[in-house]
Amino acid sequence: MACRTAPSNPGGSLHALPPFRIFDIGAHKRRFDAGDAAPIAASDPSIIERLTMNTSTPKASPLARIALAFALVLGLFAVGSLVVPGQAQALEVTQCTAAPNEDGGNQILGGAETRITWRGQAAEDESVSSIVLTMPEGLQFDADGVKVTGLDELDRVELNAQITIPGDGTMHIDFPEPAPAGLSFLVETYGATFPTEGGTFTVSTQITDADGTVSDLGPSSEIQVAGLSKSEQLSSWLEDQEWVQAWNSNRFLHMFFDPTLIVTSIPSVAQGWVTALGIVIIAFPLAIVVGFLLALLRMSKLLPLRAIASLYVNIVRGTPMFLQIYIAFFGLPLLGVNVDNFALGCIVMALNSCAYLCEIFRAGIQSINKGQFEAARSLGMSAPQTMLSVIIPQAFRNVIPTMTNELITLYKDTSLLAAVGIMETVMYAKTITAATGNITPYIVAALFYLVVTLPMTAITRRMETGSTKKSSKKGKGLFGKSSSSDKGSWTPATDGTSTKLEVKQPDYF
Amino acid sequence: MTTETISNAPAQAGSEQPIVRIQDLHKSFGGTEVLKGIDLDVHRGEVVVVLGPSGSGKSTMLRCINRLEEPTSGHIWFEDVEITNPKTNLNKVREHVGMVFQSFNLFPHLTAKENVMLAQRKVLKRSKEEAARVAEVQLERVGLADRMDHYPSELSGGQQQRVAIARALAMDPHVMLFDEATSALDPELVRGVLDVMKELARGGMTMIVVTHEMGFARDVADRVVFMEGGVIVEEGAPDQVFGNPKSERTRAFIGDIS
């Protein structure tokens, strides 16, 4: 019904549009669908309210029981009035709702325009001459956006309604000629804006009948309004700026760099970013431990251990991670194993990354000069002691740059988890893009990746140049050269202890 | 390999038991035989200098003594332990056999002092204080009291090699093996290392020294061994080997380099 009347409303519906133009038609439709469904849902609470209102005002206590019985009968009548209108004793508010104005959701948001629908059903013998609605506190609305319709059963009745808004938060609807008895009233307030902070609101109704009887119907059922976040406020402010409108008039800039969408995307994409970081923070240390054990297995003297480790590493490195994610996420439930998505995501990432880290560690350990091993062993150190105290500390330093690269890869690969519905960076961006048809959220997601990867790449580069550069005194040998003959760094002054020993340097054979 | 045990290790006739005894040592790398039956006894306090052209097997023989190289056949005894016996606890033997390498092989992630302390702590289980004290003594002994907290990359080659010697000495070795300890050094740095080695020899340390330093061999060696082609061609006192070599090959070798 509302759907049909809306387009004829002057100037209202266009203002109520959300900032996301592309999806406007769909959003509109959804909004109206929700509005249509509302009357039925809202009718019951209003009856209960009327019941409690009546029971709470008995004139004398001995008559309480009678009053209660009366109220019950009245209540039954009220229920009956929905089915057979016109049998009620006085006007009854059958609906008081606001239309959802959230993009891709069904919440009523503050700070954005919405439509408030109020319906009242007059009793069969009741002729209304005036309706005074006390609108929610802080609501912005004006007389132009108010549309009053009379309905007799399904027929529209022309009403000469005079709408005045005195500015005290009330709306006066006066009928110079009292409306026909038993009429149903529909008051739609287009372009109404709830306060940005949101809250719970009601509309109070006061009716004046043709015979001068004034009845106070009290507050309506509650309207829940969600507050607008800072970014949404900023976004709607930007929406109104001329330069933003000029910017968005360029199709490319609008589709890829819409300022209003950047502002609204950042908080939600940031949530996904935190998830992605969480996955990395859990998965990477796990991958380091497993990868290191794999590396030790791959260098084991025992062939079966070597074979198992090699098989694992080659399979993982030889198949796409995308496939591994699918196998884990769709395979495990088929086996009846149900793991939390986030935990499984961490495990899959770790099991993938550890294969690459295994090879990094193996290369790092094998790159250590054999002389280091021999020197340690010649001092009587056991193989494990040599590994722990001599080889690993050096190997670890050597592999830090490659390890950082693997960390960057792992971090970027968390995006693949979007395919199985894990709410990480890309998934959030994807959701907003799906709702708006705009690429901007993906650009925002890209920025969230770069915020991490660019500094890490810079650090890696510094470490790489630092390790190849001959370490100076400042370097404290952190990335000191291997101890193989270092002819460049001698200091003759400290070494020239004079003896009379005659030394002839022989030719090498 | 025979199952000869420690108890029936043959004692050299007419003198005390040697500290190192090598018997019929063979070593092949793939199909190439590098050592073709080496017999050598080294006595306590003796300084044996091994000379010979490159590829003669000097280093391989030395590395077989602490089994960094696995002998193909033959026997080696250290004191009364047969090193070539597979059941021997090699780590126990290596504690007492110090080795100095051509390429120093210091641990680059540790300071000079830490280099000297590491094996003391891990192998001899000395306390940190004890190990530090020994390290200081040994580093002072090799003339590096002022370089203890330097990393190897901050030291000259000669200094690095002296740290390596201190590192080996800190384990209280019964014998020291020097594998071309000065070959990787610039000429002006050689002397400092040789001085330390001479000092050690004077102190009565048993040493087996593979080197090209003829001067050192002449001055310090009790015995000179000349190797070529995987066999010992000639051995004797330095005066005899340098002054009046029996073998034509030795004569040619000494003539070439001096």
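Predicted model: local features only at pLDDT ≥ 70, side-chain atom pairs only at ≥ 80, totals over all residues.
**H8 and H9, chain A**

I started with the crossing of H8(A) and H9(A), which is left-handed. Helix H8 covers residues 259-298 and helix H9 covers 303-318 of chain A. I get an angle of about 130 degrees for the pair, with the axes 7 Å apart. H8(A) and H9(A) are therefore oblique to each other, since an angle has to be over 145 degrees to count as roughly antiparallel. From H8(A), the residues in the packing are A:Leu294, A:Leu297 and A:Arg298. They meet A:Leu305, A:Arg306, A:Ala309, A:Ser310, A:Tyr312 and A:Val313 of H9(A).

**H11 and H13, chain A**

Next I looked up H11 (residues 341-366) against H13 (residues 383-413), both in chain A. Their axes lie 8 Å apart, and the packing angle is about 140 degrees. That makes this pair, H11(A) and H13(A), oblique as well. Here the crossing is right-handed. I listed the contacts: on the H11(A) side they include A:Met349, A:Tyr356, A:Phe361 and A:Ile365. On the H13(A) side, A:Met387, A:Ile391, A:Val399 and A:Leu410 are among them.

I also checked A:Phe396, which sits in helix H13 of chain A. Is A:Phe396 exposed, or partly exposed? Its relative accessibility is 41%, so I put it down as partly exposed. From A:Phe396 to A:Ile365 I read 8.1 Å, C-alpha to C-alpha, across 31 residues of sequence.

**A sheet in chain A**

I traced an open sheet of 5 strands in chain A, in the order E6-E7-E3-E10-E11, with antiparallel pairing. Its edges are E6 (162-164) and E11 (214-219), each pairing on one side only. Averaged over neighbouring strands, the turn is 15 degrees, direction ignored. I then zoomed in on E3 (residues 128-134) and E10 (residues 204-209) of chain A, antiparallel strands joined by 6 bridges. One partner I noted: A:Val132 bridges to A:Gln206 in E10(A).

**Chain A overall**

I count 16 helices and 12 strands in chain A. The chain has 509 residues, and 44% of them count as buried. Of the chain A contacts with a separation of 6 or more, 72% are between residues 24 or more positions apart.

**Nonpolar cores**

Which residues have the most contacts inside the largest nonpolar core? I found B:Leu139, B:Ile165, B:Met176, B:Phe178, B:Met197 and B:Met207, in a core of 51 residues. Helix H6 (residues 187-202) of chain B gives the largest share, 8 residues. Another core lies apart from this one and has 45 residues, with A:Leu379, A:Met387, B:Ile65 and B:Val175 among them.

I followed up on B:Leu139, skipping its neighbours within four places in sequence. Its contacts include B:Ala112, B:Val116, B:Leu144, B:Met148, B:Val163 and B:Ala166. B:Lys113 is also one of them.

Most residues other than glycine have a negative phi, so I flagged the two entries below.

- B:Asp24 has a phi near 50 degrees. I placed B:Asp24 in strand E1 (residues 20-29) of chain B, and at 42% relative accessibility it counts as partly exposed.
- B:Lys125 has a phi near 55 degrees. I found B:Lys125 in the loop between helix H3 (112-122) and helix H4 (128-141) of chain B. Its relative accessibility is 61%, so B:Lys125 counts as exposed, the cut-off being over 50%.

Definitions and conventions. Residues numbered from 1 in each chain as written. Chains lettered and ligands numbered in written order. Heavy atoms only, no water. Pairing = 2+ DSSP bridges. Helix = DSSP H or I, 4+ residues; strand = E, 2+ residues; numbered from the N terminus. Axes fitted to C-alpha atoms, helices over the stretch in contact; angles between N-to-C directions. Core = buried A, V, L, I, M, F, W, Y, C linked by side-chain atoms within 4.5 Å. Buried < 20%, exposed > 50% of the residue type's maximum accessible area, 1.4 Å probe, protein only. Contact = heavy atoms within 4.5 Å. Parallel < 35°, antiparallel > 145°, perpendicular 65-115°, else oblique. Left-handed = near helix turned anticlockwise from the far one by under 90°.
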